Amino acid sequence: MFLLGSAAQAEGPGFNHEVRPILSDHCFQCHGPDTAARKAKLRLDLPDDGADFHGAMSVLKPGSPEGSELYQRILAPHGDDLMPPPEIGKPLTESQIATLADWIRHGAAYEPHWAYMPVARPDLPGEERDAWVRNPIDAFVLNQLHANGLEPSPEADPVTLARRVHFDLTGLPPEPETVRAFEADPSDANYEAMVEKLLASPHYGESMAADWLDQVRYADTNGFHSDEERSVWPYRDYVIDAFNENMPFDQFTREQLAGDLLPDATRRQKVASAFNRMNQITAEGGAQPGEYLAMYAADRVRTVSTVWMGSTMACAQCHDHKFDPFSTRDFYSLSAFFADIQEQGVYGGGSRWEPVLELPTDEQTGQLAALDRKVALLQEKLTNPTPRVKREMERWIADERETMASYGDRWEFVAPASVVSAGGTDFTTLEDGSVLASGANPEHDTYTLRLNPESRDLAGFMLEALPHETMPRGLSRDNGNFVLTEIEAARIGADGSRVPVLLTNPSSTYDQKDFEVTRTLDGNPTTGWAVSGHERNHRPEAAVFEFSERQKLAEGEMLEVVLHFDHGALRHVIGRMRMAVTERKRPTARMPHNFEPAAYHALLHPELPVHPSVQKLFEERFLAQWTEYDDEREALAAAEQERKDIRASIPYVLATVAVEPRTIRVLPRGNWMDESGDIVEPAVPESLPPMQVEGRRATRLDLADWLMSDENPLPARVFANRMWKRYFGRGLSRVLNDLGSQGEWPTHPQLLDWLASEFRDSGWDVKQLVRLIVTSSAYRQTSQATPALRERDPGNMLVARQGSFRLPAESVRDNALAISGLLTETVGGPSVYPYQPDGYYANCNTFGRPLNYVSSPGENQYRRGMYTFWKRSFLHPSLLAFDAPSREECTADRVVSNTPLQALVLLNDPTYVEAARVFAQHLLQDDGTDDARIQQAFEQALSRPAAPEEEQILLALLDQHREEYAAAPEAAAEIDATGQAPVNTDENPAELAAWTSVTRAILNLHETITRY
């Protein structure tokens, strides 16, 4: 497919490095992979592929720029002939034109894009024998430096190196004694021992996890609409543990994408698959489930393609990619891998966002098992009456039946004259007049029932949802629950005319939380009536609807009732139903003597067999009044409450549960309402190595295996490039989320391929890759640039020195807490709530309820920043100030800014003021001079002594604030009272406040929050 450059052509411009970026930026928009946008049937991203369009060679004459139409068109003087067209607004520079001419002159050779070429281990350059080379990384770096007439920078001083490797591997500063020990003996052996200790630290996993959580858009809230809280922190802890245990990256990938599909999946693997539920979700009334299911699917494609493939597939949602070889069909075929995930397009507000995986401790499991046994024994006694009690119950039923007969028929139970399903469901009418569904079980359905009752003057009707042996899980054929989203009624004339009838005053025997029966009349297809049918042990339920005006049916007229099941919870459709009408005013679901409608029907019809669920209703009702069981009932209620309390305390995580896959279509221009596109099955992009699935439907596990296969060139390159950025401040290819045509050619392509092959061939050993990087001479260089080097290579693209960069948002806070001694080093657990400005959540309502942010007490206040409650729409302001992402989308590379607001946060955020105050208290605990305390503070915060001029500045600040706080004791008291940490009452308040000013200044130093 491609013409590869020969050795003779090597002296011309490289296609991938120099030519492709020009064509991609200026030409591919109209002459690239996007078939819909392609002009003149000309494609310039490939030389030729035999299709019915012109390949690049149709406008190129290798060796002759003057004979190449492409070159002539970029020199054309007229607007119609000039390329790129002036209206595009991307004219070529003289340098770019010269590069294209030189490329054509040297043969116009094409190359496959570097990122999509197979990963092959390159030979080490000759510099491997140089004394500076500690491992192969250095050989590649030194070779590039020598090719550019440069030498590496000296090694960083021991203090800087110790601080650097601690911040890079754990996100925390070193202890002063650690730095002093290394400074005394900065040998290779001691350095490598320090690296191994840090790799074994539990804080290594925390540091590595922070980047991963950005990529997988981990957050403690839903994002959309009210941005409600959800429980996903066990997934965060899984990621930390995986990095700490050095889980192979291929296993790490499989467990996250498809842990639930692994044979005999463990609880931990199921927790890992919560990755698939990290997307934003909505509970907004009025939202369309279909639209949001399409949004969730697209989000997963964007995330997976960015995280593992370093590819921006987002634009392929609406059209073929304009720059890379990904089609719209590729986009939706990739989304089809995730079509089996059980989820709702729109959730009920305040729910647990099911499905969830409960994670009880061993103690809780034992307690629940004991309570289950106790409850079962009590229920056995209460629900299996003795023969004597049974005889009493039969007499009671007979008495109640006689009483019901004296009332007369308040309800007429009507077998429908016809039932029609919009989704193709079949129906059978049973002897009790109920209707049983069978056959097709569509995701959504609409039932239209027509009734021809004997009563012709009607006040309302009743719908019963009944259990049946064909529905072992409850009241529907799927998970046992149903959601009736809307209900309509009409009078149907003998001539087929239809007159809508207004319904009002709905009532029911039971409403699931947030699924009240009133929601069937709100005109919102995303809300509805549900009854927890999957949890309430096959209990029959009923709903009653009153007509706004009495309906007097004429001869030949029938009553039509339309039931809509359109909720985002798929296949939540009633499986067996029965209808009844009544003439009585103000009908409700309350039957005579408070019987359930199903029990009331059984009392009125002794000729019919009693269903087990109805028999259970009779037993419950009778035994509730049987005084001999009072003690058992009291014990049962207590045991059930205790069990409920324990269950409420059990942590859980959103779970990935596989169900029958939804149908996935190509959505023309991304329009979720347009169902004209082709149906697609799970498949990987056609331009990448094929997936071998032997004629069956591919699964998420197949996708994970394909991603981590030796034939796939992307994941190893992507991860190695991101690790390089982590430890040098920029990637070998700088655009971390795009290794495609709009990305950047690697500064060290052979080094990147060597790292990728080493990572893959090591068995995807993450710690080994990290170890190689941080023990290299390249890593150990000073970050101080000479004027000549800064002028020659200002962006440090040649790695002639180390990088220096501000700590990540979480580490800025962690560093301050660690310096002060406040940091809680506990790893894992639920998210916590650091101090936050009062009223910050004032405009963030959840279904009309303002959120009340309560700061965490005790040691939870001082947990690491990664455990901060991550609310997408209102990210903690300190994290926000230091560029932490909201995690609404996958973030491969954080923006790093330098703003005055950051200095204000460091000076005024209660966390930092408290840290400074506690830091000052520690300094004042030891008798000493002011000079000695300032030196101690610098050693603690910066691992070095204060310079004379620094000491003088801080002494002047100390003296100034001593005077000010002595004159204003109330101001001193306010400073000293900041935060929850105890105040040393033995200290003079003004003295403590003055020293707090000094430590605040030290915590605010650029050096304090910078890794060099």
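**Figure 1. Glu-358 and its salt-bridge partner.** Glu-358 is partly exposed in this predicted model, with a relative accessible area of 26%. Its side chain meets that of Arg-352 in a salt bridge, at 3.4 Å from N to O. Arg-352 likewise counts as partly exposed, at 29% relative accessibility.

**Figure 2. A buried pair joining two helices.** Here Arg-717 forms a salt bridge with Asp-753, and the closest N and O atoms are 2.8 Å apart. Look for Arg-717 in helix 21 (residues 714–728) and Asp-753 in helix 22 (residues 749–761); the pair links distant parts of the chain, 36 residues apart. Arg-717 is buried, with a relative accessible area of 1%, and Asp-753 is buried as well, at 16%.

**Figure 3. Arg-864 reaches Glu-206.** The model counts 63 salt bridges. One of them joins Arg-864 to Glu-206, with 2.9 Å between the closest N and O atoms. Arg-864 sits in the loop between strand 17 (849–850) and helix 27 (877–881), while Glu-206 belongs to helix 9 (residues 202–215), so the pair ties together parts that are 658 residues apart in sequence. Both Arg-864 and Glu-206 are buried.

Figure 4. Asn-279 is found in the loop between helix 12 (267–272) and helix 13. At 2% relative accessibility, Asn-279 counts as buried. Its side chain makes a polar contact of 3.1 Å with the side chain of Arg-300. Leaving out residues up to four places away in sequence, Asn-279 touches Arg-217, Arg-230, Tyr-296, Asp-299, Arg-300, Glu-343 and Arg-872.

**Figure 5. Trp-212 in the largest nonpolar core.** This core has 131 residues, and Trp-212 is one of those touching the most other members, together with Tyr-235, Phe-249, Trp-308, Trp-724, Tyr-727 and Val-770. Helix 13 (residues 289–309) gives the core its largest share, 10 residues. Beyond neighbours within four places in sequence, the contacts of Trp-212 include Val-239, Phe-243, Phe-252, Gln-256 and Val-307. A second, separate core holds 38 residues, among them Phe-167, Ala-816, Val-905 and Tyr-912.

**Figure 6. Cys-315, a cysteine in no disulfide.** The count of disulfides in the model is 0. For Cys-315, the nearest cysteine sulfur is that of Cys-318, 8.8 Å away. Cys-315 counts as partly exposed, at 28% relative accessibility, whereas Cys-844 is buried, at 4%.

How values were computed: Residues numbered from 1 in each chain as written. Predicted model: local features only at pLDDT ≥ 70, side-chain atom pairs only at ≥ 80, totals over all residues. Heavy atoms only, no water. Disulfide = S-S within 2.5 Å. Buried < 20%, exposed > 50% of the residue type's maximum accessible area, 1.4 Å probe, protein only. Core = buried A, V, L, I, M, F, W, Y, C linked by side-chain atoms within 4.5 Å. Helix = DSSP H or I, 4+ residues; strand = E, 2+ residues; numbered from the N terminus. Contact = heavy atoms within 4.5 Å. Polar contact = N/O pair within 3.5 Å; in protein donor to acceptor, adjacent residues only side chain to side chain. Salt bridge = Lys/Arg side-chain N within 4 Å of Asp/Glu carboxyl O.
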